[in-house]
Amino acid sequence: MPTSKRQREILRVLEHEGTVALSVLARKLNVSLETIRRDIKLLAGSGNLVKTHGAISLASTVAEAPFERRMRENSEAKRRIAAIVAATIRDGDSIMMDTGTTTSFLARELTGHRRLTVVTNSSDIARTLATLNDNRVYMAGGELRSDNGAAFGTTAIDFISRFSVTHAIISTGAVDAEGMMDYDLEEAEFARTVLTRGRRRLVVTDHSKFGRQGLVRVCGFEAVDEVVTDREPPLEIGEQIKSAGSSLVVA
């Protein structure tokens, strides 16, 4: 068991955010890296947490599936983003969402809505909203990936291309001044197609994605109507969003 107030605070931060870099943790607690390393050594020795490449995670979360672990990271920020988007969606609306932890949080915020038509490649989103409140849920077919339970490829893209929806919503793995990027070619292609199917086009992303460099370009800011996040982005990114004619919404 943690013996000091600071060690208890470390565990509280991990429960809230999942995996946390040591440098970020030191800044949050306003102590030196050396102090954090001493506390981490004690907590790891007692089995409370696990160290991985300059970061730490709760031992209880290491055995979780990758998607479940990502759901724990910045979870409060993702809930705020999801809540502000859900408030703009009305009963009876049609929505297309790609797989992602923030879009999964949005699905949970929509469980009180009625008569939604939902198109998705995410088994988590489909499972959350199917059979509720007279919703109609259409899930793109194909092989489900083991890491996130989502379908990709030409079959999935062909399927969603048959729909036109009110709200097209994607998550993203990285955002720089040129727009949205991801780390997987098929995920980027699917997200790009989602944005072409909606009258209103949104990107939902928490602040940790700003300034990251992904492997595959999804689109520029001109391809979306709104970027919804939990903190103001860096100045250069904010200026590019504005110059593209997109709206920035900070939850």
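These legends describe close-up views of a predicted model.

**View 1. The chain is divided into two domains.** Domain 1 covers residues 5-61. Domain 2 covers residues 68-250. Their centres, taken over C-alpha atoms, are separated by 30 Å.

**View 2. Helix H2 has buried residues along one face.** H2 spans residues 22-29. Leu-22, Leu-25, Ala-26 and Leu-29 are buried here. Seen down the axis of H2, these buried residues fall within an arc of 100°, so they line one face of the helix. Just after H2 comes Asn-30, with a positive phi of about 60°.

**View 3. Helices H2 and H3 cross.** H3 is the helix of residues 33-45. The axes of H2 and H3 come within 9 Å, and they cross at roughly 105°. That angle makes H2 roughly perpendicular to H3. On the H2 side, the contact is made by Leu-22, Ser-23, Leu-25, Ala-26 and Leu-29. On the H3 side, Leu-33, Ile-36, Arg-37 and Ile-40 take part.

**View 4. Lys-51 is an exposed residue of strand E2.** The strand runs over residues 49-52. Lys-51 has a relative accessible area of 53%, so it counts as exposed, the cut-off being over 50%. Leaving aside neighbours within four places in sequence, Lys-51 is in contact with Ile-40 and Ile-56. Lys-41 lies ten residues from Lys-51 along the chain. The C-alpha atoms of Lys-51 and Lys-41 are separated by 8.9 Å.

**View 5. Seven strands form an open sheet with parallel pairing.** The strand order is E6-E5-E4-E7-E10-E12-E13. The edge strands are E6 (136-139) and E13 (247-250), and each pairs on one side only. From one strand to the next, the twist averages 20°. Within the sheet, E7 (residues 165-171) and E10 (residues 198-204) pair over six bridges in the parallel sense. Ser-171 has Val-204 of E10 as its bridge partner.

**View 6. Helices H6 and H10 lie across strands of the seven-stranded sheet.** H6, residues 75-86, lies across E7, E10, E12 and E13. Its direction is at about 135° to E12. H10, residues 185-195, lies across E4, E7 and E10. H10 runs at about 155° to E7.

**View 7. Glu-226 is a buried residue of strand E12.** Its relative accessible area is 16%. That value is under 20%, so Glu-226 counts as buried. What does Glu-226 contact, leaving aside its neighbours within four places in sequence? Its contacts are Arg-200, Arg-201, Leu-202, Val-203, Ser-247 and Val-249.

**View 8. Three strands form an open antiparallel sheet.** The order is E8-E9-E11. E8 (174-176) and E11 (216-219) are the edge strands, each pairing on one side only. The twist averages 40° from one strand to the next. H10 packs on this sheet, where it touches E9 and E11. The direction of H10 makes about 10° with that of E11.

**View 9. Strands E8 and E9 run antiparallel.** E9 covers residues 179-182. Three bridges join E8 to E9. Ala-174 stands opposite Met-181 in E9.

Conventions. Residues are numbered from 1 along each chain as its sequence is written. This is a predicted model: local features need pLDDT of at least 70, side-chain atom pairs count only at pLDDT 80 or more; totals for chains, interfaces and linings use all residues. Side-chain values use heavy atoms; hydrogens and water are left out. Two strands pair if DSSP finds at least two bridges between them. Helices (H or I, at least four residues) and strands (E, at least two) are DSSP runs, numbered from the N terminus. Axes are lines fitted to C-alpha atoms, for helices over the stretch in contact, and angles run from 0 to 180 degrees between N-to-C directions. Contact means heavy atoms within 4.5 Å. Buried means under 20% relative accessible area, exposed over 50%, partly exposed in between (1.4 Å probe, protein chains only). The arc is that of the directions from the helix axis to the C-beta atoms. Domain bounds come from an automatic or database domain assignment. Angles under 35 degrees count as roughly parallel, over 145 as roughly antiparallel, 65 to 115 as roughly perpendicular and the rest as oblique.
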